[in-house]
Amino acid sequence: MLAGKELDAMSEREKEGKYEEVCRITNVAAFTNEHQYLKEGYERYSKHGKPFVLPGLHWPEVVLPPEDVKWLASLPEDVCDATHVQEELLGLRYISHGPDIEWVHDFSNIRRDLKIHMTDALPEVLDEVKIAFSSALGQPHTWTRIKALKAMKTATMGVFNRITVGQLLCRDDKYLSAVQRMVMTFALTGIVYRFLIPNCLKKWVMPAVSKPYRWALTRASAMYMPTVQKRLHEYKVSKSRDGLPNDMLQWTIERAVSKYGSSAVGVQDVADTMVFLNIFAAITIDLVLDTVLIDVLSYSPNSMLVQQLRREADEALPRLNQNPLGALAEMTKIDSVIRETLRIHPPNDHGMMRQIVKPGGVTTPGGLYLPEGTHVGAHVAAVQRDTKTCHDADQYRPLRFSEDRQQVGEPSTTAVHISDKFLPFALGRHACPGRFFAVHVLKLILGHIFTAYDFEPLSERPVVRSIGGINLPDDNTLIGVRLRQRHAGSKN
Ligand code: HEM
């Protein structure tokens with residue numbers, strides 16, 4: 001880790017264009033040690049308002065202190081770039097034959113369409129939650145210990161795919177396992193790409209390394225292609241929008257046709273895009289769901305907390321059909337447990353990775369000069385555990401946001417409300433546009449599983465591994481599950 005004079009020296013080297021040299025002094029150990037590096041960096045530097053450099057094979061990154069996060073989020077794209085950094089981090093140029101990078105960066109179906117139409121889709125999503133989770137967790141009439149996190153992975157994927165590929169395919173085991181294989185191979189390829197292959201070899205090595213992922217994407221997309229083909233054709237020959245479906249596939253087709261022209265939009269592009277969405281949508285929802293569940297179950301006194309969450313869901317969920325947003329807004333306790341997990345155990349300890357692209361560089365409000373080309377980021381975990389802005393910051397207090405709002409020092413404390421003190425969805429123009437949908441889905445899932453099942457408390461919080469900067473709960477954790485009396489015999 002570098003700071004102070006060493007950091008200035010690094011900036012000088014970058015200015016001279018000797019970037020690779022800096023990369024070489026960093027190490028592969030960042031792959032598993034990032035959590036530790038960040039912890040150390042927080043204690044020694046961030047806590048005192050100072051930046052430090054986080055090593056990484058891809059590039060070293062200047063982690064700004066909490067005080068500079070708002071400033072970072074406010075920088076325009078021509079000063080501080082996110083798009084190309086995302087491309088580099090995902091390695092799409094090397095890894096994937098599709099979807100095209102331009103398609104991947106077209107978030108209009110999420111930013112606008114999903115946000116507008118999400119309310120209408122929520123009752124359908126709840127139906128899918130009931131079916132998918134009942135099938136994943138089973139109907140155990142007595143206490144049964146299962147790998148619940150693993151089981152919930154497929155269920156979450158099914159729920160998300162209900163709004164992307166529709167009811168038939170989202171329940172098709174073959175399709176779901178093809179998507180799971182695609183996600184898994186993408187993650188493994190990403191690890192090899194980011195941590196094990198030096199930049200100079202990527203061009204030559206990546207085509208071979210990414211073969212299993214490309215094969216898996218082709219396989220999953222192929223199952224979806226007949227539907228896309230039919231729908232694309234229907235749209236192209238239709239005289240008006242009347243009578244056409246109102247779902248994610250339709251919005252994606254319409255946006256693509258209006259942007260690229262009818263003849264340029266291929267079936268494969270659309271199918272790949274929809275399947276690819278699983279990577280940053282279904283997987284993140286599942287990761288947060290797992291973490292919320294282990295946090296709740298390892299909290300003491302757990303049973304009282306579960307009872308409170310259950311009572312809230314019991315009252316709100318039956319009202320979902322009449323007033324979806326109203327019913328979800330009533331679930332303030334479940335919202336609070338989601339926010340508290342995202343605060344104290346965020347999926348990524350650091351984020352908002354950006355690169356300074358302004359010729360001549362920029363200077364932070366704290367006075368640090370960042371030359372053009374410098375990679376910067378924010379220490380999410382440190383910001384959210386800052387004792388200056390959050391009372392009892394190191395304590396997991398699941399209902400803090402529904403009970404003692406005056407103590408949390410934020411104007412709004414719902415799980416989707418982002419600020420420079422709450423960064424799990426980042427901040428600024430690249431903040432997660434899917435967070436509204438993600439939190440709604442999480443509330444529906446948690447509401448359903450707590451009303452339908454009893455869960456045995458965990459005597460201690462299971463180990464969470466940090467792999468490539470992502471905090472992953474152990475899928476093999478055994479959790480005692482029992483179907484609640486009034487749900488026995490019913491599929492939902
Ligand atoms: C709880 C689950 C989720 C978490 C924790 C999460 C987190 C994030 C974060 C931290 C970013 C910002 C990355 C950056 O600053 O560079 C982001 C971006 C993004 N997320 Fe999410 N996300 C979640 C769910 C979703 C879902 C369900 C969708 C889609 C339906 C989605 C779509 C996106 C997109 C399209 C971006 C890129 C935005 C841009 O660069 O302009 N996310 N997400």
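**A friendly note on this predicted model**

1. Let's start at the end of a helix.

2. Now look at helix 8 itself, residues 108-137. With 30 residues, a straight helix at 1.5 Å a residue would reach 44 Å, but the end C-alpha atoms of helix 8 are only 35 Å apart. Where does helix 8 bend? Find Met 118: the helix bends there by about 65°.

3. Five strands make up an open sheet, ordered 1-2-8-5-3, with mixed pairing. Strand 1 (52-54) and strand 3 (80-81) are at the edges; each has a single partner strand, so one side of each has no neighbour in the sheet.

4. A handy landmark is Val 62, which stands opposite Val 376 in strand 8.

5. Helix 5 (residues 83-90) is worth a look too. This helix lies across strand 3 and strand 5 (351-356), and runs at about 115° to strand 5.

6. Finally, visit Cys 432, which an unreviewed UniProt entry lists under "binding site". You will find Cys 432 in the loop between helix 21 (400-403) and helix 22 (435-452). Why is Cys 432 called partly exposed? Cys 432 has 19 other C-beta atoms within 10 Å, and a buried residue would need 20 or more. Apart from neighbours within four places in sequence, Cys 432 is in contact with Phe 425 and Ala 426.

Key. Residues numbered from 1 in each chain as written. Predicted model: local features only at pLDDT ≥ 70, side-chain atom pairs only at ≥ 80, totals over all residues. UniProt positions renumbered as here; feature names shortened; annotations may be inferred. Helix = DSSP H or I, 4+ residues; strand = E, 2+ residues; numbered from the N terminus. Buried ≥ 20, exposed ≤ 12 C-beta atoms within 10 Å, placed from the backbone. Contact = placed C-beta atoms within 7 Å. Pairing = 2+ DSSP bridges. Axes fitted to C-alpha atoms, helices over the stretch in contact; angles between N-to-C directions. Expected span 1.5 Å × (residues − 1). Bend = angle between axes of the 7 residues up to and from the residue.
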